[in-house]
Amino acid sequence: MYEQAIQPRPLMQSVYQSPPRKRAASYPGFVSLAVGSLFPEISENIYCYGDDYSAIRQSTYQTLENIDMDMIKPDHRVHLLASEHGFSILGGRPYCEMLGAIRDVIRERTGCENIYLGVAGYRGFRESEEVIEAFQLDELFDGKLFEFGPYDKGVAIETEVGTLYGIKKAYDADWIVHSYYDDPREMYFHRFLGRSFKAFIMSYARLESRSAYHYSYKNRSCNFLPVAIYRSPFVQERYTFSCMMRMSPAGILTIDADNDLFALDRRITRGQLERFGKIQQLFESIDACIAVIDGGRWA
Amino acid sequence: MIVREYVPGIEDTACKVCRKCEEICPAAAITLVKDDKRMVVDGERCIDCQRCMDACPENAITMLPRTADYALSVEVSELDQEEIRAICRKVGLAPGEAICACTFITAQEMAGAILKGAKTPEDVCAMTGVRRGCGIYCLVNIFKILDAAGVKPEERVKSHLYHHPLSPLDIPDDRLKKIDAEFPQYRLLEDVSMVRRARGIGINGGGNDHV
């Protein structure tokens with residue numbers, strides 16, 4: 001039942017964190033426990049660990065077959081908008097693989113070569129730069145990429161709840177692709193509300209609007225702010241489709257895409273409640289538990 | 001109260017005067033000396049958030065240990081308590097409520113800073129130390145408290161921020177009800193009602209309606 005602990009990928013070098021002297025997984029007595037051995041219904045995945053990312057690419061190609069990309073013309077400029085946390089999920093390489101595959105499919109289907117990766121940072125001015133360097137994204141995207149963060153020049157987005165401010169650089173394109181992930185990260189249930197939209201306020205928006213999301217609205221209603229941005233004419237004029245790395249406690253479940261983010265969000269919410277709810281219940285049933293976080297970006 | 005241990009030192013030969021540090025400083029502690037074409041730091045205003053060092057593309061900023069004036073706080077006991085309470089009430093915050101999760105600076109300290117002359121979000125930061133941590137989440141409360149104290153937007157011309165006191169209370173009732181009917185899972189109406197009750201106003205401007 002118990003396997004020797006799976007060794008995590010090396011940590012990304014960063015000015016924002018000191019690496020631990022030793023990773024928890026390398027201590028004697030640490031084991032890995034397959035989630036499926038506890039919950040057989042949560043064993044499905046296309047990736048959990050290792051260096052073979054071909055299933056991620058294959059799944060991305062497969063899901064994008066059903067996506068309408070007719071709006072993208074060869075002379076257009078397309079921004080794949082990526083969020084920082086994706087680069088820390090299962091070592092970060094799976095997310096890179098998905099991003100590269102999205103770019104390749106768009107290129108093959110539309111003939112468009114002006115596809116730029118936008119790497120969003122949380123708050124540190126060097127975060128995106130570090131991610132780009134650590135995952136050789138410059139090479140992967142042939143130099144067609146840019147960094148952006150909450151202090152960059154804003155653009156007013158008129159929404160049904162009032163004016164919110166996006167990052168101009170992120171939206172300065174004919175089309176945007178919401179390239180995201182559904183890793184719940186925050187396991188309290190109000191953050192499961194509209195989880196798929198969150199990047200519109202916490203990655204693609206200025207600091208003032210991020211503040212309103214966290215401190216002006218309450219825990220449930222705040223989740224409507226990214227939805228309001230998504231529904232705004234400003235975003236809808238540029239929005240193409242969303243492609244997301246869907247997570248399970250057993251690894252990456254699949255890559256899922258949709259032109260309609262609401263439809264994708266419904267699938268994601270259901271999947272998360274089914275799979276992560278059980279893990280939450282499990283931890284609640286354990287009397288004593290010490291969690292070791294030795295590689296979290298903001299740990 | 002915050003304790004400031006360091007103050008930025010700018011290496012003039014390395015600095016290209018891009019003014020990025022000036023733009024992102026939450027306390028407006030870094031300014032351009034036009035004649036000299038160099039940046040200078042006002043140690044009195046600096047809150048030691050170290051964001052300038054992080055943002056500098058030339059690595060021209062080093063944090064130097066402070067030799068004096070470590071602590072920064074606003075003494076509210078010497079101010080009119082009713083005036084402080086009135087400002088906080090308008091925003092729907094308790095005077096002793098920490099409005100910044102990083103520094104635990106309270107609503108009354110921010111209101112006190114304004115009563116002592118703060119005219120901009122940057123002044124509030126420089127006087128209280130708020131925004132020293134993440135620098136992001138508490139921002140909307142600074143705008144709201146300035147508004148509640150009646151500080152006029154035109155007095156904030158030097159700010160690099162978008163004045164953004166966005167509140168769920170800004171949504172007109174008819175639109176609010178429409179959104180709530182379409183997306184009941186976000187509990188917008190229920191949460192707005194809660195915010196209004198905290199400020200003593202009802203959903204239609206009178207009483208404490210339960211919606």
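The structure is a predicted model. Its scores are ipTM 0.91 and pTM 0.94. In chain B the average pLDDT is 89, and 92% of the residues reach at least 70. One stretch of chain B, residues 203-211, stays under 50 in pLDDT. For this stretch the model has 24 contacts beyond four places in sequence. Where pLDDT is low, predicted coordinates should not be read in detail.

The two chains meet at an interface in which 44 residues of chain B contact 43 residues of chain A. About 3,600 Å² is buried between chain B and chain A. Carbon and sulfur atoms give 60% of that area. On the chain B side, the most area is lost to chain A by B:Tyr137, B:Tyr162 and B:Tyr186. Together these three tyrosines account for 23% of what the chain B side buries.

Within chain B, helix 3 (residues 81-91) packs on helix 4 (residues 107-115). The angle is about 115 degrees, and the axes lie 9 Å apart. Angles of 65 to 115 degrees count as roughly perpendicular, so helix 3 and helix 4 of chain B are described that way. Their crossing is right-handed. Helix 3 of chain B contributes B:Glu83, B:Ile84, B:Ile87 and B:Cys88 to the contact. Helix 4 of chain B supplies B:Ala107, B:Gln108, B:Ala111 and B:Leu115. By class, the contact between helix 3 and helix 4 of chain B comprises six nonpolar residues, one polar and one charged.

Technical notes:
Residues numbered from 1 in each chain as written. Chains lettered and ligands numbered in written order. Predicted model: local features only at pLDDT ≥ 70, side-chain atom pairs only at ≥ 80, totals over all residues. Heavy atoms only, no water. Axes fitted to C-alpha atoms, helices over the stretch in contact; angles between N-to-C directions. Helix = DSSP H or I, 4+ residues; strand = E, 2+ residues; numbered from the N terminus. Parallel < 35°, antiparallel > 145°, perpendicular 65-115°, else oblique. Left-handed = near helix turned anticlockwise from the far one by under 90°. Contact = heavy atoms within 4.5 Å. Nonpolar A, V, L, I, M, F, W, Y, C, P; charged D, E, K, R; others polar. pLDDT = per-residue confidence, 0-100. Buried area = accessible area lost by both parts, 1.4 Å probe.
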